[in-house]
Amino acid sequence: MKVKEKALAGYLKYELKNFEKLPVKIWNDSVEASRHVAQSIGLAIRQRQQDGEQIVLGLATGSTPIKVYEELVRMHKEEGLSFQNVVTFNLDEYYPMPREARQSYWRFMHEYLFDHVDMVPDNIHIPDGTVPMDQVASYCERYEKLIDLAGGIDIQVLGIGRTGHIGFNEPGAWDSSPTRMVRLDHLTRHDAQKDFQSEDDVPYRAITMGVGSIFKARTVYLMAWGQHKAHIVQQAIEGEISASVPASFLQKHPNVKVVLDRSAAEELTRMKSPWLAGICNWTDDLICKAVVWLSQKTGKPILKLTDEDYNEHGLSELIIEQANSYELNIRIFNRLQRTISGWPGGKPNAEDSNRPERAKPAKKRVILFSPHPDDDVISMGGTFQRLVDQGHDVHVAYQTSGNIAVHDYDALRYAEFMLEFGESQKTLDETETKRLKKIIQVLRKKSSIDEDTTEVRNIKGLIRRGEARSGARLTGLNDDHIHFLDLPFYETGRTRKKPLGDEDIKIIMDLMDQIKPHQVYAAGDLADPHGTHRVCLDAIFEAYRRLKNQDWLKDCWVWLYRGAWHEWAVHEIEMAVPMSPQQLRKKRQAIFMHQSQKDRPPFPGDDKREFWQRAEERNRETAQAYRVLGLAEYEAMEAFVRWKPF
Ligand code: F6R
């Protein structure tokens, strides 16, 4: 058979195939997606109102539905959407859990929704985390009956846990399970620690509606945002129905709508390897993605891929339409090769048409935005060092104080130091001594779930400032190039933050306008568990939009790094900055300056490794990925994608 015929035969073997067993809609981001869900709910509420009927909503908590609730509140305030005919049943509550506790779902629902709309209080049902243990079973039975008496749930809103749980139906739950008390999975407790500070404070149990209770709902919206959900979302949607992924039971429900943002959809076949799911619109980026995928799948360097490899892996369409494999391989190889550069600020006097950065101006003004005080060195410590060493005018801007992520015992140590130092130097007056003693007393008595006082927050913020300064100084920066922005949206003392406001954006705009950078580095790390990175990025994007008429902005390139949580995929990378073993060691030293984040930081995310280990392993993995594709072998690499705003 001729090459083209063979290719066609292979292509037909991979005819259009739908891997998804549930209807899925993918939105650009969670804001758009949430607005869509909220508007569907609003429409249903209004339709029932017109018919003079009630509507029963099943509601979830957690980070996923927050923007849906915010949009519903907006619709109530601005568009007169009334909730008088709405009856709600919440999925779950921790057990034991007093209503007023900061972490209770009762409080969550009131803070995000019920306190801002005109719900009839008696129509609100949330499992009660204070029922005595011996009455829980009968309480759960009553809860289930109440749902039936209300006519069953019309619209059920669901998030999905990384264990695949819906409600708190953890792996092992059965498909007809009713409302009951359950034990939380280790991973779920781990994820919940962001609200509790330490994992030990997270309750072991919860009361949850069962899979069977959820199944009785007439319409179900299953929502997921963020890359950290992508894996479990893929299993729930494309995998077999199995008790080990309770959300997969939804495949048996007649009316489920899955709503995802792009990151949560990343692992679906249509996104990850769309050529297996149907005919593709072969853009250059998609071709690059496919060739990298093929090389990884076959374990062969790009330049060794053959027509047969393309043919046998559903990519024959590529070599029919584009070229033969030889030319295609070279093209993609060159594209990847050109992303590697030891000159992140551009190579002076070099021909730059195939380089990631411009050669001119040879000395660039650079702002490195770091959402928390350690992201600069964790995520791009090697590149930071090169930029400084290569003579660019580098400024680092720490966007938030990072003050919630310091242990009380560290704050106590510093408070005691201040007191003892002041006493030894006889520089403290009576009021000052009293004040410090009070802070020390508060810190000694404080339990990890108590909120920090303003003074304690201040101390914690200063601890992180000192660490950030040391890290930046190690890289060679002068103090007048180190900026602490302390964006106000972050300053709640809790993991739950305020929405981004004009004052946050103005702070970023002022700095940009003052420095007029040629290059901006920002964290495009959207999988941060608290969303702080996302908000910090939005602040930069918005500042950009508002500054768009400034001349200097037209010559300002924005590079997005990722780091602590996950890395760009190889086919996405537009600049890969290599590091030698020595440079990697220096990066580690800069990360070590962040002493409060070593060993067990208060918010370690879902990774047991320390930040320096994650960073090094990630950078080594990137270098290894390049090597396996047949490119040069480096010790480690930091990766960037360019954001093209207009
Ligand atoms: C919350 C609930 C849980 C969450 C899930 C996802 O009421 O029942 O199933 O929906 O744990 O949590 P987030 O949205 O915080 O990722």
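**View 1. The side chains of Gln-519 and Glu-357 are joined by a polar contact of 2.9 Å.** A polar contact here is a pair of N or O atoms within 3.5 Å; within protein, one atom must be able to donate a hydrogen and the other to accept it, and residues adjacent in sequence count only if both atoms are side-chain atoms. The side chain of Gln-519 also makes a polar contact of 3.2 Å with the side chain of Tyr-521. This is a predicted model, in which local features need pLDDT of at least 70 and side-chain atom pairs count only at pLDDT 80 or more, while totals for chains, interfaces and linings use all residues. Residues are numbered from 1 along each chain as its sequence is written, and side-chain values use heavy atoms, with hydrogens and water left out.

**View 2. Gln-519 is shown in strand β14, which covers residues 519–523.** Strands (E, at least two residues) and helices (H or I, at least four) are DSSP runs, numbered from the N terminus. Gln-519 counts as buried because its relative accessible area is 0%, where buried means under 20%, exposed over 50% and partly exposed in between, with a 1.4 Å probe and protein chains only. Leaving aside residues up to four places away in sequence, the residues that Gln-519 touches include Pro-344, Arg-358, Leu-387, Trp-557 and Trp-559, contact being heavy atoms within 4.5 Å.

**View 3. The second largest cavity has a volume of about 60 Å³.** The whole structure holds five cavities of 30 Å³ or more. On a 1 Å grid over the protein atoms alone, a cavity is a set of points where a 1.4 Å probe fits but cannot get out, and lining residues have an atom within 4 Å of a point; grid points are joined across faces, edges and corners, and a volume is the space filled by probe spheres set on the points. Helices α14 (375–389) and α20 (581–592) each give at least two residues to the lining of the second largest cavity, and among the lining residues are Val-377, Gln-385, Leu-474, Lys-586 and Ala-590.

**View 4. Thr-64, Asp-92, His-165, Gly-167 and Lys-229 come nearest of the 13 residues around the ligand.** A residue is near a molecule if one of its heavy atoms lies within 4 Å of it. A polar side-chain atom of Asp-92 lies 2.4 Å from an oxygen atom of the ligand, and a polar side-chain atom of His-165 lies 2.5 Å from a ligand oxygen atom. From Ser-63, a backbone N or O atom lies 2.8 Å from an oxygen atom of the ligand.

**View 5. Tyr-95 and Pro-96 are joined by a cis peptide bond, with omega about -10°.** Pro-96 sits in the loop between β4 (92–95) and α4 (105–112). The peptide bond from Lys-360 to Pro-361 is also cis, with omega near -10°, and Pro-361 is found in the loop between α13 (325–337) and β11 (365–370).

**View 6. Asn-349 has a positive phi, near 60°, in a residue other than glycine.** Most residues other than glycine have a negative phi, and most peptide bonds are trans. Asn-349 lies in the loop between α13 and β11, and Asn-349 counts as exposed because its relative accessibility is 81%. Lys-426, which is not a glycine either, has a positive phi of about 55°. The loop between α15 (408–425) and α16 (430–445) holds Lys-426, which counts as exposed at 72% relative accessibility.

Methods: On a 1 Å grid over the protein atoms alone, a cavity is a set of points where a 1.4 Å probe fits but cannot get out, and a pocket is an open set with protein on both sides within 12 Å along at least five of seven lines; lining residues have an atom within 4 Å of a point.
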